[in-house]
Amino acid sequence: MFLYRFYPMALLSLAFAFTSVAVHAESIIDKPAPLFSGAAADGSTINLADLRGKTVVLEWTNHECPFVVKHYESGNIPALQKDAVAKGIVWLQVITSAPGKEGNVTGETAQKLNTHRGATPTNTVLDSNGSIGKLYGATNTPQFFIIDPQGVLVYKGGIDSIPSADQSDIAKAENYISAALADLAAGRKITKANTKPYGCSVKYAS
């Protein structure tokens with residue numbers, strides 16, 4: 001009888017836990033992107049409002065996540081970064097890993113990791129308190145948000161269409177980020193503006 005009463009209570013508690021973790025905020029396609037200010041790995045401060053007039057890519061990342069490792073070791077994300085930055089797009093990595101959690105790094109370490117991996121983001125935002133992640137409702141690494149020059153959120157979701165940590169799947173997958181940026185550059189409505197992200201959970205503080 002005790003177990004019979006316990007299971008519904010446990011399920012209810014579990015459901016509440018998932019809700020409280022997953023639903024931090026709601027970033028809405030075709031609405032103004034949430035503004036933020038955050039410390040960058042190079043010691044500067046990044047203010048999203050200052051980037052109005054430029055396309056901005058926000059990449060949630062965690063160098064210890066196998067799904068992130070897949071896209072960096074293969075050169076997939078570094079290639080996307082290099083191409084985007086060359087076109088004047090501002091590419092910001094966002095590290096939302098709380099102190100003591102997987103992926104938490106100092107600014108110096110973040111820069112060294114990027115050098116080692118051949119990564120060329122415009123900068124890296126350190127979000128150890130999770131405020132920016134919660135503002136956007138970031139749930140996974142990797143996960144992406146694209147903001148157009150008018151400051152409107154035009155894409156949010158995953159990097160591609162095959163949710164795996166296997167590098168061999170990259171060539172077979174539809175790359176949502178390159179497609180979205182191509183649509184945006186051509187003045188077209190982004191075909192797939194809201195996709196499902198996959199990867200590791202964002203390591204917010206408990």
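**Close-up views of a predicted model**

View 1. Lys 112 and Glu 108 both belong to helix H4 (residues 107-117), where they are four residues apart, about one turn of the helix; helices (H or I, at least four residues) and strands (E, at least two) are DSSP runs, numbered from the N terminus. The two side chains form a salt bridge with their closest N and O atoms 3.3 Å apart, the term meaning a side-chain nitrogen of Lys or Arg within 4 Å of a carboxyl oxygen of Asp or Glu. Both Lys 112 and Glu 108 are exposed (buried means under 20% relative accessible area, exposed over 50%, partly exposed in between, with a 1.4 Å probe and protein chains only). The model is predicted, so local features need pLDDT of at least 70 and side-chain atom pairs count only at pLDDT 80 or more, while totals for chains, interfaces and linings use all residues. Residues are numbered from 1 along each chain as its sequence is written, and side-chain values use heavy atoms, with hydrogens and water left out.

**View 2. A salt bridge between Lys 172 and Asp 169.** The closest N and O atoms of Lys 172 and Asp 169 are 3.0 Å apart. Lys 172 counts as exposed at 58% relative accessibility, whereas Asp 169 is buried, with a relative accessible area of 11%.

**View 3. The aromatic cluster around Trp 60.** One aromatic cluster is formed by Phe 36, Trp 60, Tyr 136 and Phe 145; rings of Phe, Tyr and Trp (its six-membered ring) pair if their centres lie within 6.5 Å, and planes under 30 degrees apart count as stacked, over 60 as edge-to-face and the rest as tilted. In all, six aromatic pairs are counted by this rule. Trp 60 and Tyr 136 make a tilted pair, at 5.9 Å centre to centre and 45° between the planes. Because Trp 60 lies in strand S3 (residues 56-60) and Tyr 136 in helix H5 (residues 131-136), this pair ties together parts that are 76 residues apart in sequence. Trp 60 is buried at 0% relative accessibility, and Tyr 136 is buried with a relative accessible area of 2%. The rings of Trp 60 and Phe 145 have centres 5.3 Å apart and planes at 70°, so that pair is edge-to-face.

**View 4. A salt bridge between Asp 83 and Lys 87.** The side chains of Asp 83 and Lys 87 meet at 3.0 Å, N to O. Asp 83 is partly exposed, with a relative accessible area of 40%, and Lys 87 is exposed, at 60%.
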